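Colleague: Please guide me through the reading of an interface between two chains, feature by feature.

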Amino acid sequence: MNEAQTTSLEEVFNRRIDAEEKIEPKDWMPEKYRKTHIRQISQHAHSEIVGMLPEGNWISRAPTLRRKVALLAKVQDEAGHGLYLYSAAETLGISRDELLDQLHDGTAKYSSIFNYPTLTWADIGAIGWLVDGAAIMNQVALINTSYGPYSRAMVRICKEESFHQRQGYEILMTLMKGTDEQRAMAQDALDRWWWPSLMMFGPRDDESPNTAQSMRWKLKRKSNDELRQAFVDQTVPQAELIGLRIPDPALCWNEERGHYDFGEIDWDEFRQVVQGNGPCNRERLEARRAAHRNGTWVREAALAHAAKQADRDSLRKAI
Amino acid sequence: MIMNDWPLWEVFIRSRSGLEHRHCGSLHAADAKMALENARDVYTRRNEGVSIWVVPSAQITASQPEEQAELFDPAADKAYRHPTFYVLPEEVRHM
């Protein structure tokens with residue numbers, strides 16, 4: 001295909017995006033669109049899968065059976081969300097193996113938030129409320145993204161995820177109604193998770209080089225800073241309602257803007273964690289690699305079983 | 001072991017009796033039985049279905065986007081296939 005042909009295809013493609021048409025797997029798309037989507041959808045999938053680890057840590061130690069079944073269901077949802085997203089990425093011509101290899105060898109990223117440890121039960125509350133809350137904010141904006149399979153996965157995920165945030169908030173609310181020690185535990189969890197949650201929205205708009213292109217393709221519908229502001233505005237009153245204090249001395253309501261002003265994120269910490277130097281980066285990746293390694297025999301056995309059954313079936317038919 | 005050896009399956013769910021099976025996604029599984037079991041775990045965690053079909057993706061023959069005009073454009077100028085093409089007197093309210 002010569003350059004002129006590609007240009008005209010790209011013009012048609014851009015017009016479709018402008019007209020809010022969805023792009024489907026077999027449609028022509030610019031190579032960069034394909035690559036950017038593979039990167040973003042797979043990062044999203046990896047985040048769901050790695051995101052099971054910090055919470056999985058507390059399944060066996062949940063304080064009641066009610067909390068335990070809820071946490072189990074939440075972690076199972078995350079496995080499901082990872083699968084929807086891997087399937088969406090695969091429609092762009094990359095295999096599940098390549099995707100997993102990229103996660104395991106560290107070339108693909110996942111959300112840095114999961115590189116922080118879950119030290120107490122209150123952290124499970126903070127994750128549901130803040131981390132899932134921030135993720136929902138991002139994901140709701142992505143429901144209208146231009147790539148059909150990604151958009152459809154987002155619809156399912158958003159529908160399923162609202163319970164995640166509620167169960168987290170309920171955990172903290174319950175702790176805040178408890179003893180001094182329990183209240184201190186809830187506050188400590190918020191103190192540790194607040195800033196990393198704000199980092200989930202990514203670098204500031206003026207430092208986010210891909211934003212313009214992603215907006216053009218409707219792979220992003222709101223900028224990092226817009227989403228972060230919406231998250232702060234939504235979360236602060238929820239904290240106040242149950243007596244939690246946001247660990248940011250600069251936080252205050254700005255009447256003129258109609259939004260909360262808040263302090264500067266520690267971007268150095270953000271970069272360190274993204275680059276692999278967070279508290280749990282190595283542990284998380286090793287857990288993923290070990291799970292994959294330890295599952296090898298299961299994958300092999302399942303295939304051997306399927307082959308044997310198929311042989312038997314064809315033999316039976318032959319007789 | 002390569003996961004790709006587990007073929008891809010397309011999943012169709014009937015959400016309740018009286019409705020058709022609708023495509024809802026795909027998954028990898030070693031065989032049909034596993035594909036059904038996985039589809040149940042992945043796609044029906046919240047009472048989304050009363051029946052599941054799984055079909056090997058390789059068995060689906062699909063039309064290509066390039067054929068779109070050839071296949072679907074002919075229907076565009078056949079307005080007489082739609083009820084609004086026929087003009088009725090005002091008095092006939094519902095037909």
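This is a predicted model: local features need pLDDT of at least 70, side-chain atom pairs count only at pLDDT 80 or more; totals for chains, interfaces and linings use all residues.

The dialogue below turns from confidence to the interface and then to selected residues.

Colleague: What is the average pLDDT of chain B?

Modeller: The term pLDDT is the predictor's confidence in each residue, from 0 to 100. Chain B averages 92, and 96% of its residues score at least 70. The model scores ipTM 0.87 and pTM 0.92.

Colleague: How is the size of an interface expressed, and what is the area buried between chain A and chain B?

Modeller: The accessible area lost when the parts come together is often given as the size of an interface. Buried area is that loss with a 1.4 Å probe, summed over both parts. Between chain A and chain B about 2,000 Å² is buried, with carbon and sulfur atoms giving 55%. In terms of contact (heavy atoms within 4.5 Å), 24 residues of chain A and 23 residues of chain B take part.

Colleague: How many salt bridges are counted between chain A and chain B?

Modeller: A salt bridge requires a side-chain nitrogen of Lys or Arg within 4 Å of a carboxyl oxygen of Asp or Glu. Four are counted between chain A and chain B. B:Arg46 takes part in one with A:Asp77, at 2.5 Å from N to O. B:Arg46 also forms a salt bridge with A:Glu160, at 3.8 Å from N to O. This second pair joins two chains, because B:Arg46 lies in the loop between helix H1 (32-43) and E3 of chain B, and A:Glu160 in helix H7 of chain A. Helices (H or I, at least four residues) and strands (E, at least two) are DSSP runs, numbered from the N terminus.

Colleague: Are B:Arg46 and A:Glu160 buried or exposed?

Modeller: Relative accessible area under 20% means buried, over 50% exposed, and in between partly exposed (1.4 Å probe, protein chains only). B:Arg46 is partly exposed at 32%, whereas A:Glu160 is buried at 5%.

Colleague: What does the side chain of B:His28 make a polar contact with?

Modeller: A polar contact is a pair of N or O atoms within 3.5 Å; within protein, one must be able to donate a hydrogen and the other to accept it, and residues adjacent in sequence count only if both atoms are side-chain atoms. The side chain of B:His28 makes such a contact with that of A:Glu90, at 2.5 Å. B:His28 belongs to strand E2 (residues 21-28) of chain B and is buried, with a relative accessible area of 10%. A polar atom of the B:His28 side chain also lies 2.9 Å from the backbone oxygen of B:Trp6.

Colleague: Which residue forms a salt bridge with A:Glu78?

Modeller: The partner of A:Glu78 is A:Lys74, at 2.8 Å from N to O. The two are separated by about one helical turn, because they are four residues apart in helix H4 of chain A. Both A:Glu78 and A:Lys74 are buried.

Methods:
Residues are numbered from 1 along each chain as its sequence is written. Chains are lettered from A and ligands numbered from 1 in the order in which they are written. Side-chain values use heavy atoms; hydrogens and water are left out. Buried area is the accessible area (1.4 Å probe) that two parts lose on being put together, summed over both.
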